Amino acid sequence: MGKTFSKPEALSDAYTHYCPGCTHGIAHRLVAEVIDELGIRGRTVGIAPVGCAVLAYNYFTCDFQEAAHGRAPAMATGIKRVRPDLIAFTYQGDGDLASIGMGEIVHAANRGEKFTTIFINNAVYGMTGGQMAPTTMPGQRTTTSPMGRDVTTTGMPIKMCELLSTLETPGYIERQTLLNPKYIKKAKKAIKRAFEYQIAGKCYSFVELVSICPTNWGKTPLESLKWAEESLLPYYKLGEFKTPEEE
Amino acid sequence: MAKILMKGNEAIGEAAIRAGCLNYFAYPITPQTEVAEYMAKRMPEVNGVFVQGESEVAVGYMIFGAAACGERVMTTSSSPGVSLMSEAISYIAGARCPAVFVNIMRGGPGLGGILPSQGDYFQSTKGGGHGDYRLLVMAPDGVQEIVEMVMMAFPLAEKYRNPVMIVGDGLIGQMMEPVEFPDNLTVKPSNKDAWATNGMDTRGSKEKNIVKSLYLDPEELNNHNLTLKAQYERMKKEEIRFEAYNTDGDYKVLIVSYGTMSRVCKTAIDNMKAKGIETGMIRPKTLFPYPLQAVHDAAAKQSCKAVISIEMSMGQMVEDVERAVLGQKPVSWYGQCGGNVPSPEEVEEQVMALINK
């Protein structure tokens with residue numbers, strides 16, 4: 001009997017530096033499976049963010065660029081404009097994408113750049129050690145909101161899918177999560193669709209994945225999954241926000 | 001090829017295209033917006049890429065992404081815009097990607113003004129962004145020379161896998177001069193398969209390429225910086241360019257000046273010569289690497305009693321002139337940086353004051 005389950009070709013043998021219970025590993029694997037299934041590894045360029053996934057270039061087996069904080073969408077724009085035949089994806093966290101890189105992501109989406117963004121939203125800055133992110137929930141304690149996020153001075157959490165969906169430019173925008181196998185299957189479907197739109201040269205594509213960060217949430221992985229389901233999913237609603245077909 | 005009359009900013013764009021750069025990203029800023037306007041029209045004609053970015057910050061990274069794919073790429077901006085691009089420039093230098101930046105300098109600091117200036121000497125030659133990097137910096141004195149420098153910049157950026165910065169003052173961007181486009185400066189792009197993220201299929205490889213500036217291991221980062229330093233040292237050996245003007249006679253004063261300011265100085269030198277007063281000048285064409293030896297030797301001449309740096313900044317080049325002269329002769333400064341270009345008469349007055357001191 002042959003192998004029935006193996007590591008995708010688009011993932012390397014490197015051990016990741018991610019914490020126990022972190023969902024980055026699942027997100028990496030889904031992206032890698034999609035790259036394999038679509039047979040695009042040889043023409044794919046990933047762009048690593050600043051944040052926990054800064055070393056993503058070690059974990060994938062396609063070409064990779066390492067961006068500055070928040071600037072990955074501008075780099076992907078550079079790639080796709082000079083080499084439209086390449087497949088480019090940015091892999092960004094919530095601090096990177098929704099805070100310091102807000103300008104780049106909005107304008108890249110609005111120009112309808114033909115690349116794909118995988119947005120990992122775990123409601124906290126991971127790499128720097130648990131600071132408040134634009135997606136941190138009201139009342140959520142972080143190292144820079146030790147009394148809980150005070151929305152009267154820091155505003156409400158930003159919903160990126162909803163925000164990007166207001167742009168008139170055609171695009172594919174979907175939010176899924178990695179909290180259990182049922183959701184994970186849907187997440188993979190969304191990621192695949194996002195890459196397919198890019199391959200077809202159709203539109204900009206954006207998949208948000210609601211994720212967990214046990215280390216910086218100060219919870220066990222199981223508690224984290226539960227908290228995410230109860231606290232994040234009611235606010236960050238799953239589903240398809242926009243498809244290019246609607247327009 | 002016949003000479004044509006062209007505005008400096010438009011000539012910059014045309015020169016890039018003729019050097020085989022078909023990728024241009026920019027953000028509008030006075031006094032160089034005409035480059036973007038020219039490229040917006042011209043790039044579609046040659047199947048090239050023109051993108052107006054949302055900010056100079058973003059443009060810097062569009063340049064990075066495109067350069068990392070191994071494509072020839074350029075942007076143009078002016079002082080405040082280059083400050084915003086400086087983050088990306090540091091990353092591009094750290095990641096060892098070739099790219100060409102043109103800064104048509106305006107007065108600063110802050111918003112400053114929109115008139116000609118040379119106030120970004122420090123920014124371009126000593127830093128701008130963070131970390132131990134250098135740019136190869138060229139300073140043209142007119143439209144013809146900026147054309148030649150833009151065309152040279154691409155192969156130079158590829159030779160060193162480093163950004164090249166061309167600094168011209170606003171006058172060079174705005175003035176019209178007859179210009180000839182040399183055909184022989186177009187150099188075939190070098191093969192970048194060894195490092196570029198151009199897709200494994202493109203280069204027929206099974207190994208991925210990574211373009212990055214991150215080295216978490218201290219020894220690795222130190223070695224990376226030593227590699228960069230070796231390139232900068234090589235630039236110092238191979239890329240110094242300068243012009244010596246009227247340095248044969250027995251001059252009492254040596255002027256060091258570059259860009260538009262050096263052309264005013266030439267007029268002053270010619271006028272003084274007509275009156276029997278010899279004045280020599282060294283005009284750096286590269287600001288990094290700096291023509292230290294040329295300035296040193298010209299200052300060493302027995303007849304020379306003083307050296308003066310004349311520039312449209314508050315004396316940012318003086319430190320380099322001093323480090324060339326090494327105390328042999330007194331070094332002073334003259335300049336203006338509000339946007340007015342000092343006149344030949346004002347230059348002459350400064351030189352005469354030194355002679356009569």
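Is Asn23(B) buried or exposed?

1. Asn23(B) is buried, because its relative accessibility is 6%; buried means under 20% relative accessible area, exposed over 50% and partly exposed in between, with a 1.4 Å probe and protein chains only. The residue sits in strand β2 of chain B, which covers residues 23-26. Helices (H or I, at least four residues) and strands (E, at least two) are DSSP runs, numbered from the N terminus.

2. Before going further, please note that this is a predicted model, where local features need pLDDT of at least 70, side-chain atom pairs count only at pLDDT 80 or more, and totals for chains, interfaces and linings use all residues. Residues are numbered from 1 along each chain as its sequence is written, chains are lettered from A and ligands numbered from 1 in the order in which they are written, and side-chain values use heavy atoms, with hydrogens and water left out.

3. The surroundings of Asn23(B) are worth a look. A polar atom of its side chain lies 2.8 Å from the backbone oxygen of Arg72(B). A polar contact is a pair of N or O atoms within 3.5 Å; within protein, one must be able to donate a hydrogen and the other to accept it, and residues adjacent in sequence count only if both atoms are side-chain atoms. Setting aside neighbours within four places in sequence, Asn23(B) is in contact with Val82(A), and also with Met43(B), Val49(B), Glu71(B), Arg72(B), Val73(B) and Met74(B). Contact means heavy atoms within 4.5 Å.

4. Now to helix α1 of chain B, residues 8-18. Nine of its 11 residues are buried, so the helix is largely enclosed by the rest of the structure. Among the buried ones are Gly8(B), Asn9(B), Ala11(B) and Ile12(B). The buried residues of α1(B) pack against β1 (4-7), α2 (33-45), β4 (74-77), β5 (99-105), α6 (143-160) and α7 (170-174) of chain B. After α1(B) comes Gly20(B), with a positive phi near 90°.

5. Further along chain B, Gln316(B) is in the loop between β14 (306-310) and α12 (318-325). Gln316(B) counts as buried because its relative accessible area is 14%. Beyond four places in sequence, Gln316(B) touches Gly119(B), Asp120(B), Tyr121(B), Phe122(B) and Glu311(B).

6. What does chain B look like as a whole? It has 13 helices and 15 strands, and 59% of its 357 residues are buried. Its radius of gyration is 21 Å, which agrees with the value near 21 Å for a compact globule of 357 residues; the radius is taken over C-alpha atoms, and the globule rule is 2.2 Å times the number of residues to the power 0.38. The C-alpha trace spans about 70 × 50 × 40 Å along its principal axes. Of the contacts in chain B with a separation of 6 or more, 80% are between residues 24 or more positions apart.

7. Chain A has 10 helices and seven strands, and 59% of its 247 residues count as buried. Along the principal axes, the C-alpha trace of chain A spans about 50 × 50 × 30 Å. Residues 24 or more positions apart make up 68% of the chain A contacts with a separation of 6 or more.

8. Lys242(A), in strand β7 (residues 239-242), counts as buried because its relative accessibility is 4%. A polar atom of the Lys242(A) side chain lies 2.8 Å from the backbone oxygen of Thr169(A). Gly21(A), in the segment before α1 (24-38) of chain A, counts as partly exposed because its relative accessibility is 34%. Not counting residues up to four places away in sequence, Gly21(A) touches Ile212(A), Pro214(A) and Pro221(A).
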